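Open the model in your viewer and get ready to select side chains. This tour goes from ring to ring.

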Amino acid sequence: MTYLTTVPFNRINESWPDISVSAWPIHNDIKHSLVSGLPNNKDTKYQASFYKKIAVDIVTETVYNYPYPYISEKTLRPIACKRLFIIVGAAGTLEILHNKGFRSFPEVFDESYDTIVDPVERWHVLEKVITNFVTKPIEEIRDIVKSQSDILEKNFINLKNLQTTELGHLNDKNL
Amino acid sequence: MYKHSELTDEYKDFIYSKYNVLGNIRLIANDSDFENVEKMLSTMKKDIHLPTDRIIIEHFDSDYYLPEFPYGLTMYNLFTAFKKLDIPLFTMLLVSNSFGIEKEVQQLIIDTNDCPTVINTFISWYHYTNQYQEIEIDADEIIMPGISMMGHARAHRNALYHYIESNSLLDKVAVTYRKNVK
């Protein structure tokens, strides 16, 4: 029995499936002026004050073309900051969040993208979802956020309590 | 670079209260050297394992998948190490933020009576904190529709950035991106 090896950046999701969309690497660091702090600084990793100036976090999870939903601090950050989110990640990620007690925003976004396994098809739906939302007038966007505030508050509370909730469930299952 | 464990103290306390933990292995720190994983496992192996014995495998990183190969390479190598050392698989307690990894586990086991325990969670000290601060939602403070904190270069992040840029949306979405330093 031998161990298999691979070279870095040979993950399945590193090969971009859609030649109609450019995925060439960008050769510069990019940081919008609205963003303060260093990347992954503890002050911005979990929560960041500049999120109060934005409506939706377009979360590019660690993986996209991947067989399983993979959830990291990137998905949790908009929840911690009480913001809307769109997940550019593996199919089924929203479903996992729902199973964990979070709510998403089907009244705001076409969330059918979460059910589309084909990465190219999912990508093109995501493009439309993103564009449709961010091109709305800012006043309309503010009203949308206000209309979703109950969900944003409940998601935050769910996140704060999640560890206790999970450990309770594991205890009930007599793990 | 990495702490010894990614599990939160609360998770660790819970697991240690339920099982006789023989050790833990962080795959993110060891997935490029399974000879070392084998060495670590060999120190945890017993002649006879009790039903409550567990080796915690912390799997909080993405795996490597190759076309036509049915498992992630890290998962395949992990199970290979257990088999090489003849450690029963029931001792494996796999904690993973890849939701659905059980399917792969089911394909890798030989005896359905000798199965690892799988916990799917995204709660680790790296991804979660118990110090979230209460903040107020004030929609009138919103000045930018969206943000995308992309982090390290990856194909889907490159593609999203190019999409945003080519559609003149950079004034609608605040982007951060780190070029690939490797």
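Rings of Phe, Tyr and Trp (its six-membered ring) pair if their centres lie within 6.5 Å; planes under 30 degrees apart count as stacked, over 60 as edge-to-face and the rest as tilted. This is a predicted model, where local features need pLDDT of at least 70 and side-chain atom pairs count only at pLDDT 80 or more, while totals for chains, interfaces and linings use all residues. Residues are numbered from 1 along each chain as its sequence is written, chains are lettered from A in the order in which they are written, and side-chain values use heavy atoms, without hydrogens and water.

By the ring rule, there are 18 aromatic pairs over all chains. Select A:Tyr66 and A:Tyr68. Their ring centres are 6.4 Å apart and their planes meet at 80°, so this pair is edge-to-face. Both A:Tyr66 and A:Tyr68 are buried (under 20% relative accessible area, 1.4 Å probe, protein chains only).

Move to chain B. Select B:Phe99 and B:Phe122. With centres 6.0 Å apart and planes at 55°, the pair is tilted. How buried is B:Phe99? Its relative accessible area is 8%. B:Phe122 is buried too, at 0%.

Last, look for charges over rings (NZ of Lys or CZ of Arg within 6 Å of the ring centre and within 35 degrees of the ring normal). Select A:Lys45 and B:Tyr126. The charged end of A:Lys45 sits over the ring of B:Tyr126, 3.0 Å from the centre. Then select A:Lys82, which lies over the face of A:Phe156, 4.8 Å from the ring centre.

Methods: Buried < 20%, exposed > 50% of the residue type's maximum accessible area, 1.4 Å probe, protein only.
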